[in-house]
Amino acid sequence: MARVSPLKKSLRDMLLSMAVISLPIIAIVEWFPHDAKNPDDAAQTVDYTIPLAQARRDPDLPFQALAPATLPAGWRATSIHADFDPGAQLRWELGFQTSDNQYAALDQVADGKGVDGILSIQAPDATQVTGAGGTVTAGGYQWQVYVTPDGKRHALVRTTAPVGTAAPTTLGKVGVVVSGTGKLSELETLAGSLQ
């Protein structure tokens, strides 16, 4: 009888062991549920109707919280931020994912340097566009156009006087900023739909 080389025997044993170990791993991967979402769909859709209604009922805000009357086809709301604490910089923010997976945001901010703070977050290093393309009209308001040096982010900015019972104690104007990585025309559509 021919003898089997110890090297061949240990290789055969190793392959058999790997097969025994691999079968349960394959079964776990195939049979147990796992998240098959596309990474682009990682942002969850949020409903901002209740926070919006609460913000609009707050008598201490120097602005009426805005939101789009309707969203363009394929857009969805992905974030809400409301900072209405007394003594803090008052801020209302809605974030959206566009139909082509770009980001758009609406920010309202009161007290002092609000617009500059929002621009530093939403469109870092953006500068105001001068000349013919420096302003757009959307929703009956004139907006100042800002763009980042690389041209990938835009912002539309307008200011309003404070309103309501908090108006006498509000420092400066209320800033409204529509910004994002989407096309400028999409930001104009969002700005025009605000109510």
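In which loop is the place of P162? Select P162: it sits in the loop between β7 (154-160) and β8 (174-180). Helices (H or I, at least four residues) and strands (E, at least two) are DSSP runs, numbered from the N terminus. This is a predicted model, in which local features need pLDDT of at least 70, side-chain atom pairs count only at pLDDT 80 or more, and totals for chains, interfaces and linings use all residues. Residues are numbered from 1 along each chain as its sequence is written, and side-chain values use heavy atoms, with hydrogens and water left out.

Leaving aside residues up to four places away in sequence, P162 touches P62, A167, T170, G172, K173 and V174; contact means heavy atoms within 4.5 Å.

Next, select R91, E93 and D107, which a network of salt bridges links. A salt bridge here is a side-chain nitrogen of Lys or Arg within 4 Å of a carboxyl oxygen of Asp or Glu, and the count by this rule is two. R91 meets E93 at 2.9 Å, N to O. R91 also forms a salt bridge with D107, their closest N and O atoms being 2.9 Å apart. R91 lies in strand β2 (residues 91-97) and D107 in strand β3 (residues 103-109), so the pair ties together parts that are 16 residues apart in sequence. R91 and D107 are both buried, where buried means under 20% relative accessible area, exposed over 50% and partly exposed in between (1.4 Å probe, protein chains only). The relative accessible area of R91 is 15%, and E93 is buried at 11%.

Now show the largest nonpolar core, which has 29 residues. Such a core is a set of buried Ala, Val, Leu, Ile, Met, Phe, Trp, Tyr and Cys residues joined through side-chain atoms within 4.5 Å. W92, L106, W143, L156, V178 and L194 touch the most other members. Apart from this core lies another, of ten residues, including V115, I118, L119 and A123.

Finally, select helix α3 (residues 114-122). Its residues G114, V115, I118, L119 and Q122 are buried. Among the elements covering the buried residues of α3 are β2, β3, β6, β7 and β8.
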